[in-house]
Amino acid sequence: MILNTNLNDTARLHALQPTDAEDIFRAIDSQRDYLGKWLPFVEFTRSVEDSVQFVKEALELPEDKKEHLFAIRVNDSFAGLIGFKDTDRMNRKTEIGYWLCEPYQGKGIMTAAVKALCDFAFQELNMNRIQIKCAVGNEPSKRIPHRLGFTFEGIERDGELLTGGIYTDIEVYSLLKLDAAPQ
């Protein structure tokens, strides 16, 4: 099942498609400083072809390795990406990764998108555990798992290599199917 859903009156998710590549590149290219602070891939996304290749590789993975990735659009304008990564189907666990362009921050869009993916993971994909990792200091990103009832599990030391060859510690949050079940 492919998730396509409205998040609110103006924002929606749709399954990643080849036509999103140009918008992804334009968003990254126009906000390199903002996005590049926490997202290592920004440094290596230098042309539209880099984004075309990313989308192509994501969509051409074999079914058993494919991750569900979604574009976030606000009034039909590209706003960001969200999706699952490092999914372990045998142990029914996955991680959610996300990024949102600066003009769309602080409007509840990403919180709604993460909530939609959690519902999708638990109900449709039969996942038991969802994880979110946020760089220490990335306050906007870590507010999302806090709002959605994720449990802080600890710090992964030097868990991610940022732009400029600098390692950062990563905060690890999880939500179990049991935690998300209606009480």
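Reader: What follows helix H5, and what is its phi like?

Author: Gly149 follows H5, and its phi is positive, near 80°. Helices here are DSSP runs of H or I with at least four residues, strands are runs of E with at least two, and both are numbered from the N terminus. A word on the model: it is predicted, so local features need pLDDT of at least 70, side-chain atom pairs count only at pLDDT 80 or more, and totals for chains, interfaces and linings use all residues. Residues are numbered from 1 along each chain as its sequence is written, and side-chain values use heavy atoms, leaving out hydrogens and water.

Reader: Okay, and which residues of H5 are buried?

Author: First, the general idea: an α-helix has 3.6 residues a turn, so residues three or four places apart point the same way. In H5 (residues 139–147), the buried ones are Ser141, Lys142, Ile144 and Pro145. Buried means under 20% relative accessible area, with a 1.4 Å probe and protein chains only. They span an arc of only 140° around the axis, which means they sit on the same side of H5. That arc is taken from the directions from the helix axis to the C-beta atoms.

Reader: What covers them?

Author: The cover includes strands S5 (93–100), S6 (129–135) and S8 (166–176), plus helix H4 (109–123). Contact here means heavy atoms within 4.5 Å.

Reader: How do I read the pairing of S4 and S5?

Author: Two strands pair if DSSP finds at least two bridges between them. S4 and S5 run antiparallel over seven bridges, and Lys85 has Glu95 in S5 as its bridge partner. Four residues separate the strands in this hairpin, where Arg92 in the turn has a positive phi of about 50°.

Conventions: Buried means under 20% relative accessible area, exposed over 50%, partly exposed in between (1.4 Å probe, protein chains only).
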